[in-house]
Amino acid sequence: MTTIDKAATLERVREIGLLAVLRAPDPDGARRAVEALIEAGVTGIEITYSTPEKAGMISSLRAAYGDEALVWAGTVMKAEQASEAAAAGARFLVSPGLDDEVGAAMLGTGLTTMAGALTPTEVMRATRLGVDVVKVFPGSLVGPSYLRSLRGPFPNVPFMPTGGVSAANVADWLAAGAVAVGAGGELASASDIRSGDFDAVREKGRAFVAALREARPAAARAAS
């Protein structure tokens with residue numbers, strides 16, 4: 001089991017605030033997208049298990065960026081993927097849904113763990129399983145007002161929405177109580193990566209970072 005200070009990892013997630021969910025068609029494109037995102041100030045990087053050579057990429061990113069970037073594995077849907085990602089150096093494991101076997105495997109690594117949930121019943125299952133963060137997915141189906149409603153019965157559960165998050169609505173998600181937001185195609189789309197338009201990836205990253213910076217004071221006032 002990996003020994004990780006989960007509280008410190010969660011605090012880092014809060015500080016970063018924005019996590020790039022990378023679904024790249026090829027390893028080279030993924031690496032160049034990560035470079036563009038980090039240049040833009042996006043330092044939370046999720047390498048999904050739909051990306052080719054994902055374990056090797058996690059390992060190489062950890063070696064290249066060290067603590068400058070928080071690199072983790074996403075779309076973990078098999079128990080063996082959890083152990084593989086942990087061995088590669090991932091700092092965080094994310095599954096899109098709730099599965100007892102996969103959840104137990106992720107928790108067994110000792111890493112900070114996030115699992116997808118949408119309904120109150122699923123949130124209760126996630127907390128009973130022991131996950132550290134609940135991924136509100138797909139966020140595009142419900143919106144920030146739904147997260148605000150979930151926070152009523154679950155005020156102490158860290159929530160992170162993914163799907164439907166854009167630079168235009170980051171402020172709404174944070175004001176609703178999200179600890180951070182995750183963005184995929186809105187940041188680094190497969191089409192931009194495939195066409196080699198990493199300037200577009202960089203500019204989208206900068207727009208997200210600027211929106212996050214502007215949103216945080218209002219979110220802090222809403223929470224007080």
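K135 lies over the face of F137, 4.9 Å from the ring centre. That label applies when NZ of Lys or CZ of Arg is within 6 Å of the ring centre and within 35 degrees of the ring normal. This is a predicted model, where local features need pLDDT of at least 70, side-chain atom pairs count only at pLDDT 80 or more, and totals for chains, interfaces and linings use all residues. Residues are numbered from 1 along each chain as its sequence is written, and side-chain values use heavy atoms, with hydrogens and water left out.

- Buried here means under 20% relative accessible area, exposed means over 50%, and partly exposed is in between (1.4 Å probe, protein chains only).
- Strands (E, at least two residues) and helices (H or I, at least four) are DSSP runs, numbered from the N terminus.
- In a regular strand, side chains alternate between the two faces of the sheet.
- β6 runs parallel to strand β5 (residues 112-117), and four bridges join them. Strands count as paired if DSSP finds at least two bridges between them.
- A115 has V134 as its bridge partner in β6.
- To get from β5 to β6, the chain crosses through helix α6 (residues 120-129), and this β-α-β crossover is right-handed. Right-handed means that, with the strands pointing away from the viewer, the path from the first strand over the helix to the second runs clockwise.
- β6 also pairs with strand β7 (residues 159-161), in the parallel sense over three bridges, and K135 stands opposite M160 in β7.
- Another right-handed β-α-β unit is made of β6, helix α7 (residues 144-150) and β7.
- What joins F137 and P138? A cis peptide bond, with omega about -5°. P138 lies in the loop between β6 and α7.

- β4 and β5 run parallel, joined by four bridges, and S95 has A115 as its bridge partner in β5.
- The chain passes from β4 through α5 to β5 in a right-handed β-α-β crossover.
- How many aromatic pairs does a search of the whole structure find? One. Rings of Phe, Tyr and Trp (its six-membered ring) pair if their centres lie within 6.5 Å; planes under 30 degrees apart count as stacked, over 60 as edge-to-face and the rest as tilted.
- W72 and F92 form this tilted pair, at 4.6 Å centre to centre with 45° between the planes.
- W72 sits in strand β3 and F92 in strand β4, so the pair ties together parts 20 residues apart in sequence. Both W72 and F92 are buried.

- Which residues of helix α4 (residues 79-88) are buried? Q81, A82, A85, A86 and A88 are. They sit on the same side of α4 because they cover an arc of only 160° around the axis, the arc being that of the directions from the helix axis to the C-beta atoms.
- The cover over the buried residues of α4 includes α3 (54-65), β3 (70-74), β4 (92-95) and α5 (100-108). Contact means heavy atoms within 4.5 Å.

- T75 is in the loop between β3 and α4. Phi of T75 is near 55°, positive in a residue other than glycine, and T75 is buried with a relative accessible area of 12%.
- E53 is not a glycine either, but has a positive phi of about 55°. E53 is in the loop between β2 (44-48) and α3 and is exposed, at 55% relative accessible area.
- D67, in the loop between α3 and β3, is exposed with a relative accessible area of 58%. Leaving aside neighbours within four places in sequence, D67 contacts R12, R62 and R91.
- Buried or exposed: which is R202? R202 counts as buried, at 16% relative accessibility. R202 lies in helix α10 (residues 198-223) and, neighbours within four places in sequence aside, is in contact with A36, E39 and A40.
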